Amino acid sequence: MSLTPEQASVIQEPNESKLVCALPGSGKTHTTVSLAERILSLPNSKILMVTFTNAATNEMQTRVEKRLGAAAKRRVTTKTFAKIMLEQHRQISAGRKLVLGGELSSYVLRVFKKLGICISNLQLYQQTFDEYGRDMHWQPKPASVVCEAYVELQNMLALYNKVDLNTVAREVVWALNAGKIKPLNFTHFIVDEFQDSDPIQYQWLLAHRQDGRYMTVVGDDDQSIYGWRGAVGYQNMIDFKRDFSAKAYLLSTCFRCSPYILGAAQRLVEHNEHRIQKDMRSAKDAPGIVRLAPSSYSPPVDPTQLNKKPPKDQRSAEQKQADEYNYVVDLIEPQFNTWTVLARTNLHLDTLERFLTERGIPALRLGGKSIFDSPNTIALAKLLYGVTHPRKLTELIEGLGWAGECEDTLQVMHSTGAKHGFTAASTSNCSKFTQDMQQLSSRIASNEQSLQRTDGYIASLFTSLRVHTEMSKPQDLKARMGAISLIEKIVGSMKGIIEERARTLYDIASRGSKAQDIQDRNGKVVLCTLTGAKGLEWPKVFIMNINSDCIPSLQAGDKDEVLEKKIEEERRLLYVGMTRAEDELVLHYNSEKPSMFLTDLGLA
């Protein structure tokens, strides 16, 4: 694969520090690997390629080995920032062990208990702790409960010989600057996705700056969407150019997006003040499609009342949501397996997946969890399938086991019902719920089906299930009751008789919502958050709920400076979503509350 003139200019001079600003779909990785190849043509050169995720590390290693051969392994090292810092920290760790995730949260909860802090503040405090941890010059403020809690957390970790990742990063930078850790011995550093770097990671780069060592950072400030975890893409890129006397390069040609799509995304992001001004052009000839999909509601009008004010919207909040999501499903249903739907949050995707399931449309969730990744919803799907299809005894037994039926009884049912199914199985020693389900299964099997009877069967099954669950009081009662309500709504909204609905639900639940290969969509609509879509691309993208109360997602009480930063990051997030589309992009919003970003686009 050849290089464009822009890409070729990046690799022409290997011995210089470079700032490479690369548009979405501009061949960034291809150019980076080509630069590595050019560097390796120099004698005694050694490259450290720095990434932010294990997935990015694996991809980069695969690309390098495929292009440069196995011999490149000896001279090219690819690691994440976190792994590099952990390895360097071993020299000064004094035996302390790293704590992450749930283990770190358990220490925070112990601090809360000791200081009498309400657990409802957990998320806010953890976010603030992260901010403190990334600050190289942090000092506690007097009379601050959050500061007191952070100090207490660090003291508790020290007492138990533990350390968190932010402290690891800070200590590594301090040790590098103090000469207690030697800088890594590489002639060239290449940092990918540099817009995701935080201040400590930038300080780490500065600590490795010396004569005869060359730094290249590659990224796009317009795709910096992790400010909530400390990324300062634009500022770090500006500082890098100054501090490393770096030469700036621009990859301005997008090979992914059609001209109309790239043009719309450019109009949006150019409203941000804090960004690198750049040209953008598409390499595609076909213009592509950008469409608006405003959902609106017109209440029924009485012809005799035409001269009067239109009636108020009397719909409940639940009905408004149903109308909104059904409108989205209506738009994608005819060719659902060609669409990728992006949303601001996983909660929006959970709701959409529910309405898709009601229509029998399977979905592939990328990142996040599908509603059918829950053992509760899977078990309910099997229970319903087994009751309505009595020969499917294995599925039924799994559902009844989830509902609390004892194992001895289930084994008797398995042996006595093996030949003729659930309706013939012995249930003499089982719970009342299992007996109710057997009677219901017999009624379904013996009666001619109709939609009216289907409604009755559904009501009977879920009423018995709800009563049984409340009486048995499982430890996860709240989660189970939520799953029961969800599946009842889905089944109740489906079309067809009860056997057909149960089979469709079971097929979708058992098929699974995730795949190892994201391109292997198997006739499914792909669902992903805007954040999770970064680095991916699809021919047709549908972005939903571009509403004033959804994106930008803001909090009341934000100061003007904070508010401006949040709006710019939210604008970049939508830009990232739009530039995932290759040929067709649909922007959905509620006509009563359109996002300010639609005005930026010049489309609404």
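How are helix 14 and helix 15 oriented to each other: parallel, antiparallel, perpendicular or oblique? Let's keep that question in mind for a moment, everyone, and start with the whole protein.

What we have here is a predicted model. The protein has 604 residues, and 50% of them count as buried. Its secondary structure comes to 22 helices and 16 strands. If you draw a box around the C-alpha atoms along the principal axes, that box is roughly 85 × 65 × 55 Å. One more overall number: take the contacts between residues at least 6 apart in sequence, and 77% of them join residues at least 24 apart.

Now, back to our pair of helices. Two packed helices are described by the angle between their axes and the distance between the axes. Helix 14 covers residues 375–388 and helix 15 covers residues 393–402; the angle here is about 130°, and the axes lie 7 Å apart. An angle over 145° would count as roughly antiparallel, and 65 to 115 as roughly perpendicular. Helix 14 and helix 15 are therefore oblique to each other, and there is our answer. Their crossing is left-handed.

Who makes the contact? From helix 14, the residues include Pro375, Ala379, Leu383 and Tyr385, and from helix 15 they include Leu396, Leu400 and Trp402.

Seven of its 10 residues are buried, so helix 15 is largely enclosed by the rest of the structure. Among those buried residues are Leu393, Glu395, Ile397 and Gly399. After helix 15 comes glycine 404, with a positive phi near 110°.

Please find the open sheet of six strands, with the order 11-16-15-12-14-13 and parallel pairing. Which strands stand at the edges? They are strand 11, residues 289–295, and strand 13, residues 363–366; each has a single partner strand, so one side of each is left without a neighbour in the sheet. Ignoring direction, neighbouring strands are turned by 25° against each other on average.

Helix 11, residues 259–269, touches strand 11 and strand 16, and its direction makes about 50° with that of strand 16. Helix 13, residues 346–358, touches strand 12, strand 13 and strand 14, and makes about 160° with the direction of strand 14.

Let's walk through some of the pairings. Strand 13 runs parallel to strand 14, residues 525–529, and four bridges join them. Arginine 365 stands opposite leucine 527 in strand 14. Strand 14 also pairs with strand 12, again in the parallel sense and over four bridges. There, threonine 340 has valine 526 as its bridge partner. Strand 12 is joined to strand 15, residues 538–543, by three bridges, and these two run parallel as well. In that pairing, valine 341 has phenylalanine 542 of strand 15 as its bridge partner.

Let me finish with the side chains of strand 12. In a regular strand the side chains alternate between the two faces of the sheet. Which residues of strand 12 point one way, and which the other? Thr340 and Leu342 point one way, Val341 and Ala343 point the other way, and all of them are buried.

Note on methods. Residues are numbered from 1 along each chain as its sequence is written. This is a predicted model: local features need pLDDT of at least 70, side-chain atom pairs count only at pLDDT 80 or more; totals for chains, interfaces and linings use all residues. Side-chain values use heavy atoms; hydrogens and water are left out. Axes are lines fitted to C-alpha atoms, for helices over the stretch in contact, and angles run from 0 to 180 degrees between N-to-C directions. Angles under 35 degrees count as roughly parallel, over 145 as roughly antiparallel, 65 to 115 as roughly perpendicular and the rest as oblique. A crossing is left-handed if the near helix is turned anticlockwise from the far one by less than a right angle, and right-handed if clockwise. Contact means heavy atoms within 4.5 Å. Two strands pair if DSSP finds at least two bridges between them. Buried means under 20% relative accessible area, exposed over 50%, partly exposed in between (1.4 Å probe, protein chains only).
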